[in-house]
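Thanks for coming. I will take a few minutes to walk through one structure, so please have a look at it first.

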Amino acid sequence: MTTILETKNLEMKFGAVYAAKDINISIQAGEVLGVIGSNGAGKTTFVNMVTGYLKPTSGDIIYRGKSIAGRPTREVTKLGICRSFQIPQLFPELPVIENMLIALTIAKQDRPVLFQPAIDGALEDEAHALLARFNIDGYADQEIQTLPQGVRKLVDIAMATVTEPDLLFLDEPTSGVSADEKMDFMRVLIDALQTTRTAVLFIEHDMEIVEAFSPRCVAFYEGTILADGPTAEVLENAKVREFVIGSEYHRSSSDSTQQAGAT
Ligand SMILES: Nc1ncnc2c1ncn2[C@@H]1O[C@H](COP(=O)(O)OP(=O)(O)OP(=O)(O)O)[C@@H](O)[C@H]1O
């Protein structure tokens with residue numbers, strides 16, 4: 001296994017409040033990692049520090065052997081770390097393909113300049129190939145504002161991968177996606193990222209999604225890490241059950257074991 005990112009005693013203080021304290025996390029190439037924690041636990045602060053939106057008050061962030069703590073987002077993105085937000089960052093009145101072309105055009109410029117419509121056939125092929133990877137090329141000519149939320153989110157995440165990142169942070173990818181669509185949405189998303197061996201860390205409040213898609217899970221509580229390990233173990237951890245997910249939550253795999261035992 002290759003460690004691509006490692007944080008060392010990472011800390012973020014706002015006045016007297018520790019939003020993050022003693023955060024030591026390592027991420028392996030191609031890994032899928034779920035992050036859980038109640039509101040205000042420090043999850044977004046952690047992602048903001050690694051992606052250059054916040055400068056840590058102390059500690060270090062090592063990416064592929066080099067410190068990136070406090071580097072600006074643009075630089076961090078160029079190095080191979082990207083993110084997408086809870087609310088898709090798209091041009092709603094433009095078709096999907098034009099959104100992708102904008103993202104690809106910007107990614108290929110050293111210095112971003114005002115967008116000029118791309119008429120480059122190779123770039124269009126690249127945009128279609130990316131959409132196909134996320135199973136959404138059929139929507140290429142539709143305006144973003146006409147799409148179901150799950151498809152919009154896939155477009156947004158596909159756009160976040162135009163620079164071919166090694167590591168992608170997703171903030172609540174399934175929020176706003178209907179309960180019926182969530183599992184299929186995540187399957188498409190994770191499969192697409194695995195084809196390029198992109199490591200993904202996703203923040204998620206839906207424990208069934210965490211259980212189904214992330215072999216490893218990190219639980220945050222009050223700015224610190226409460227547990228980090230195989231998801232099944234973390235979701236059974238007494239402190240995680242008390243402070244993060246609630247004792248009434250039953251893992252679906254443990255439910256099926258119980259049901260199997262009862263029959
Ligand atoms: N810019 C800021 N200024 C002051 N305090 C902040 C700032 N950003 C975050 N905090 C505080 O830091 C703590 C951690 O917040 P953070 O947003 O990282 O939590 P979170 O786990 O992402 O929560 P949520 O699930 O609600 O997004 C909270 O107490 C929050 O109020």
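**Starting from one proline**

Pro148 is partly exposed, because 14 other C-beta atoms lie within 10 Å. On that scale a residue is buried if 20 or more other C-beta atoms lie within 10 Å of its own, exposed if 12 or fewer, and partly exposed in between, with C-beta atoms placed from the backbone. Pro148 sits in the loop between helix 4 (121–133) and helix 5 (149–160). Its C-alpha atom is separated by 9.3 Å from that of Ser178, 30 residues apart along the chain.

Some ground rules. This is a predicted model, in which local features need pLDDT of at least 70 and side-chain atom pairs count only at pLDDT 80 or more, while totals for chains, interfaces and linings use all residues. Residues are numbered from 1 along each chain as its sequence is written.

Now the overall inventory. The chain has ten helices and eleven strands; helices (H or I, at least four residues) and strands (E, at least two) are DSSP runs, numbered from the N terminus. Of its 263 residues, 39% count as buried.

Six strands form an open sheet in the order 7-8-9-4-10-11, with mixed pairing; two strands pair if DSSP finds at least two bridges between them. Strand 7 (81–84) and strand 11 (224–230) are the edge strands, each pairing on one side only. From one strand to the next the twist averages 20 degrees; axes are lines fitted to C-alpha atoms, for helices over the stretch in contact, and angles run from 0 to 180 degrees between N-to-C directions.

Which strands does strand 9 run parallel to? Strand 8 is joined to strand 9 by five bridges in parallel, and strand 4 pairs with strand 9 in the parallel sense over four bridges. Leu168 stands opposite Val200, and Leu201 is the bridge partner of Leu33. Strand 10 (residues 216–221) and strand 11, by contrast, run antiparallel, joined by six bridges.

Is strand 9 buried or exposed? Five of its five residues are buried, so strand 9 is largely enclosed by the rest of the structure. Ala199, Leu201 and Ile203 are on one side, and Val200 and Phe202 on the other. In a regular strand the side chains alternate between the two faces of the sheet.

On to helix 1. Helix 1 (residues 43–50) packs on the sheet, touching strands 4, 7, 8, 9 and 10, and its direction makes about 145 degrees with that of strand 8. Contact here means that the C-beta atoms of two residues, placed from the backbone, lie within 7 Å. Eight of the eight residues of helix 1 are buried, so helix 1 is largely enclosed by the rest of the structure. Gly52 follows helix 1 and has a positive phi, near 85 degrees.

Helix 1 also matters for the next topic, the ligand. Which element gives the most to the shell around the ligand? Helix 1 does, with three residues. Among the residues around the ligand are Phe14, Gly42, Lys43, Thr44 and Phe220; a residue is near a molecule if its C-beta atom, placed from the backbone, lies within 6 Å of it.

Last, the core. Met100 and Ala158 touch the most other members of the largest nonpolar core, which has 71 residues. A nonpolar core is a set of buried Ala, Val, Leu, Ile, Met, Phe, Trp, Tyr and Cys residues joined through C-beta atoms within 7 Å. Helix 5 gives the most to this core, with seven residues.
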